[in-house]
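Try each task before reading its solution.

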Amino acid sequence: MAIGKCTAPLDFLRPSTWALEPEETTFANYGWSNKDMDPVPPRLRTWTGWNYVTYWVSDATNVAIWELAGSMLAIGLSWRQALPCIAAGYAVISVVMVMTGTIGARLHVAFPVLNRSSFGFWFSYFTVFSRVILAMFWFGIQTYSGSQAVYQMLKAIWPSIARLPNHLPASANITSSGLLCYILYWIIQFPFLLLSPHRIRWLFLVKGIVVPITWLAMVIWAFVRVPPSTGLFAQHATISGSQLSWTWLSAMNSALGIYATLSVNIPDFTRYAKNERAQFVQPLVIPIVFTLCSFAGIAVTSAGIELYGEVLWDPLLLIDRWDNRAAAFFASLAFVIATVGTNISANSLSAGNDMTVLLPKYINIRRGQIICSIIGGWALCPWEILASAQGFLSFMNGYTIFLGPFAGIMITDFWLLHKGHVDVPAMYDPHGRYRYTYGFNWRAVLAILVTVGPTMPGLINSINPAVRIGNATRLFDIAWMYGFVVASVVYYVTSVVFPARETYVEKLISADDPSAPMGAPYGGEGTSPVASAASAKDAEKIRDVQVVAKTE
């Protein structure tokens with residue numbers, strides 16, 4: 001009897017207990033996928049153009065966009081230089097976004113799978129692992145930013161929290177009240193991690209309505225308190241000449257860098273599109289909404305300079321100066337919503353998608369997000385990073401030197417070399433046509449080495465300014481643009497001169513094709529998913545069964 005009682009906890013520790021139950025009709029039969037890694041079936045392709053509009057409106061209203069715009073005033077640019085810089089940066093990234101996004105919308109597969117066709121089956125794991133590491137660190141940092149918004153909310157209700165005794169040592173780099181707010185924010189955020197990607201679009205809709213209204217109210221407040229004629233419009237650049245030019249380019253590179261990660265893994269979201277056209281709104285929406293949201297950050301920061309004598313580019317520091325407790329509460333609540341939405345779209349969902357590739361037998365998107373929230377939210381101790389490792393943060397920002405080449409290689413391979421003719425089932429086969437040389441596409445390896453090498457001295461200097469490298473820092477200031485262009489050229493030339501002929505097919509072989517070599521993933525044998533689709537009512541029943549299965 002005693003032995004029988006002990007078997008349950010022992011079973012709980014066995015890896016087989018945590019293995020995902022494979023589905024007979026997916027690529028999971030081949031051991032390199034699970035339901036979340038598989039191409040999205042037609043009944044789950046639900047994102048419309050309106051969903052992508054609200055998604056980007058939602059993503060544009062986040063603290064990082066505000067802070068970037070406000071910080072441009074701190075480095076010497078005026079609003080006249082900052083706004084065109086921001087608009088140009090987001091216009092460029094929107095074009096990249098729709099080019100990589102169309103790949104996901106056409107193939108209905110996530111970034112970790114589709115990049116095997118360009119990087120090689122095994123070398124693609126380098127890009128995936130890089131993205132996981134970045135996502136977990138930034139998840140923790142964004143969670144800490146959200147906890148500061150919670151602090152402002154509690155302070156607006158109970159001002160005495162500012163006088164809460166601190167029982168933690170100075171070496172902890174966080175106070176008792178700060179830790180309390182961090183725990184509260186983490187708890188608030190956690191339930192949203194359990195929502196499936198095709199359902200999370202409703203969070204983006206709510207955020208896309210609430211947060212812009214709040215930001216508009218803050219802009220109106222700024223213009224009322226400090227009329228533009230004496231504040232924003234009266235301020236001028238404090239730098240000139242070549243310094244102004246390089247600062248402008250560096251600021252534009254920073255605007256590109258904020259969404260350099262998402263420009264690579266946007267297929268994680270566009271694979272849920274009803275059709276390719278649904279996500280074509282991105283080049284129109286992104287530059288407009290991001291420029292408007294950046295203007296809000298510039299306008300309010302400019303007013304803060306006149307009111308408080310400081311460049312308060314962090315909006316929560318500005319809110320902390322307010323005497324109106326109701327306004328402080330609702331503004332902080334909007335920033336909580338903004339941070340939750342951004343953290344999920346840019347970090348936890350990306351980490352969850354990527355982790356499914358690392359251990360497809362055990363990790364799906366939901367489990368990946370939970371792992372990200374634990375490791376990124378607690379094991380990495382983001383308050384320690386923010387308090388004592390500015391050089392490390394510079395390294396994390398500088399890690400985007402890899403992301404420009406990643407995007408360039410993906411776009412060049414799919415659009416210029418293969419003309420959109422790829423073999424989706426082969427992306428799930430380690431011995432298939434995308435094996436290249438022992439799983440490595442040496443052309444992609446060479447393109448990354450050629451682009452990353454020259455920018456590495458600038459990265460070192462950003463971490464440790466004591467290391468003098470002269471004008472070599474200029475290349476690092478435009479690292480994303482340099483990496484994207486040069487990697488694209490190197491990859492294209494080497495692929496044309498030394499073509500990987502085994503990767504070329506006459507037409508697109510999609511997962512919907514009933515003649516796909518690895519079987520029919522959604523319907524029965526020899527049946528396309530479209531032909532085997534049930535009625536709308538039956539599809540809804542199937543969806544409900546899947547949701548229940550995920551929660552068990």
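**Exercise 1: a bent helix**

Helix H16 has a kink of about 45°, centred on Ile344. The bend at a residue is the angle between axes fitted to the seven residues ending there and the seven starting there. Before going on, note that this is a predicted model, where local features need pLDDT of at least 70, side-chain atom pairs count only at pLDDT 80 or more, and totals for chains, interfaces and linings use all residues. Residues are numbered from 1 along each chain as its sequence is written, and side-chain values use heavy atoms, leaving out hydrogens and water.

Task: find what span H16 should have, and compare it with its end C-alpha atoms.

Solution. Step one: H16 covers residues 325–358, which is 34 residues. Helices are DSSP runs (H or I, at least four residues), numbered from the N terminus. Step two: the expected span is 1.5 Å times one less than the number of residues, so H16 should span 50 Å. Step three: the end C-alpha atoms are 47 Å apart, which agrees.

Now look at burial: 26 of the 34 residues of H16 are buried (under 20% relative accessible area with a 1.4 Å probe, protein chains only; over 50% is exposed, and in between is partly exposed).

**Exercise 2: inside the core**

Task: name the residues that touch the most other members of the largest nonpolar core.

Solution. Step one: a nonpolar core is a set of buried Ala, Val, Leu, Ile, Met, Phe, Trp, Tyr and Cys residues joined through side-chain atoms within 4.5 Å. Step two: among the 137 residues of the largest one, the answer is Trp56, Tyr90, Tyr259, Phe290 and Phe335. Helix H8 (residues 124–157) gives the most to this core, twelve residues.

Step three: inspect Phe290. Beyond its neighbours within four places in sequence, its contacts (heavy atoms within 4.5 Å) include Trp56, Ile86, Tyr90 and Tyr259.

Definitions and conventions. Helix = DSSP H or I, 4+ residues; strand = E, 2+ residues; numbered from the N terminus.
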